[in-house]
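Let's take a walk through this structure together, one step at a time. Have the sequence and the 3D view open as you read.

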Amino acid sequence: MKGTVQAGTNNLFTVECEDDVIRNCTIKGKVLKQDKTFYNPIAPGDVVEIEPDPINDKKGQILTLEPRKNTFLRWNVKGRCPQLLASNLDYLILVTTPDEPPFRPRFIDRALAQAEHQGITPVIVCNKFDLAEAMQTDGRAEEFEEIEKRLSIWENLGYRVLRISAKTGEGMTEFADLLEDHLSAFVGQSGVGKSSLVNVLDNTCVLKTGSLSQKYGRGCHTTTKGTLIHLVLNEALTEGVPGRKANIIDTPGIRRFVLDDVKSDELAMYFKEIEPFVGKCKFGLNCKHQTEPECAIKAAVESGKITEERFDSYKRIAYEIETGNWDD
């Protein structure tokens, strides 16, 4: 029978089967036929064919993996191979914050490029937006203006950006409406409040939430493995309508997002405002967009068609791909 993978580590996966039984399954033969080696061969959201254990109906073996609509992944530096985070997504929810932990736009730009590469629709969610008011009153107004500018840049590119707060409820109704009847993965750095968002979206969920490191201002890992969760949306967010549902994959916090299968000379194709100018430079596809004359991309930056912020992000990420020196 078929089933959907909820979670898993090593060679043990929780599979929600079509007979409504949740089984702990191993991969038969411990190897799936795939075109390349992954840090983990199966991810939450994958559809698999399983064979139930004839003795214990709560166990089974995974026989095959159904073709995927898409996958979201990153390069796992420690394992030196791609790591699958989620499969068969409708939305990739990129969660960030204006503060606590600090706003890191290049993390979002990397994830946007990976989403474009994988053909997944990303949505940028700026959680803890209640902290924005404090930033404007404690002498950090310019810092907040830069954050708002970056959010607006993404909006102007056509990405959907939500400014919300799990703490105050700001924007949560719109967020719930977006998620309804879809499968979405929450991806972000540790401490941005992914688990808190889940707890507000479905007030019957009680996911563990963590505090920030006082020394570094970073979050601690409270979600240790990606998990597919079925939400019954909080009626306070659905105008009192009961039974509205959403499916989300809560992924572990990521401190360093490294692109997978994207070469530096291909990166421009995944920056949607840069892509139209690719190949139009004097030196064509050989242009590095650095000091070369008659560079169409640099000309687009000078004319305002490409923002300096995104062009700088593009150059930094391209350098990271070339050197393997990835910042946090």
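**A barrel and its salt bridges**

In this predicted model, 5 strands close into a barrel, in the order 1-2-3-5-4, and their pairing is mixed. Neighbouring strands of this sheet are turned by 50° against each other on average, with direction ignored. Such angles are taken between axes, which are lines fitted to C-alpha atoms (for helices over the stretch in contact), and run from 0 to 180 degrees between N-to-C directions.

A word on how to read all this. Residues are numbered from 1 along each chain as its sequence is written, and side-chain values use heavy atoms, leaving out hydrogens and water. Since the model is predicted, local features need pLDDT of at least 70 and side-chain atom pairs count only at pLDDT 80 or more, while totals for chains, interfaces and linings use all residues.

Helices (H or I, at least four residues) and strands (E, at least two) are DSSP runs, numbered from the N terminus. Two strands pair if DSSP finds at least two bridges between them. Look at strand 1 (residues 2–9) and strand 2 (residues 12–17): they pair in the antiparallel sense over 6 bridges.

Now turn to the charged side chains. A salt bridge here is a side-chain nitrogen of Lys or Arg within 4 Å of a carboxyl oxygen of Asp or Glu, and by this rule the count comes to 19 salt bridges.

Which residue does R23 meet in a salt bridge? The partner is D19, at 2.9 Å from N to O. R23 is buried, with a relative accessible area of 1%, whereas D19 is partly exposed at 34%. (Buried means under 20% relative accessible area, exposed over 50%, and partly exposed in between, with a 1.4 Å probe and protein chains only.)

Another salt bridge joins K149 and E309, whose closest N and O atoms are 2.7 Å apart. K149 lies in helix 3 (residues 141–156) and E309 in helix 7 (residues 308–323), so the pair ties together parts that are 160 residues apart in sequence. K149 is partly exposed, with a relative accessible area of 39%.

R244 and E180 also meet through their side chains, at 2.6 Å from N to O. R244 sits in the loop between strand 12 (227–232) and strand 13 (245–250), and E180 in the loop between helix 4 (172–179) and strand 11 (183–188), so this pair ties together parts that are 64 residues apart in sequence. R244 is buried, with a relative accessible area of 17%, and E180 is buried too, at 18%. Elsewhere, salt bridges that share partners join D109, R150, E273 and R310 into one network.
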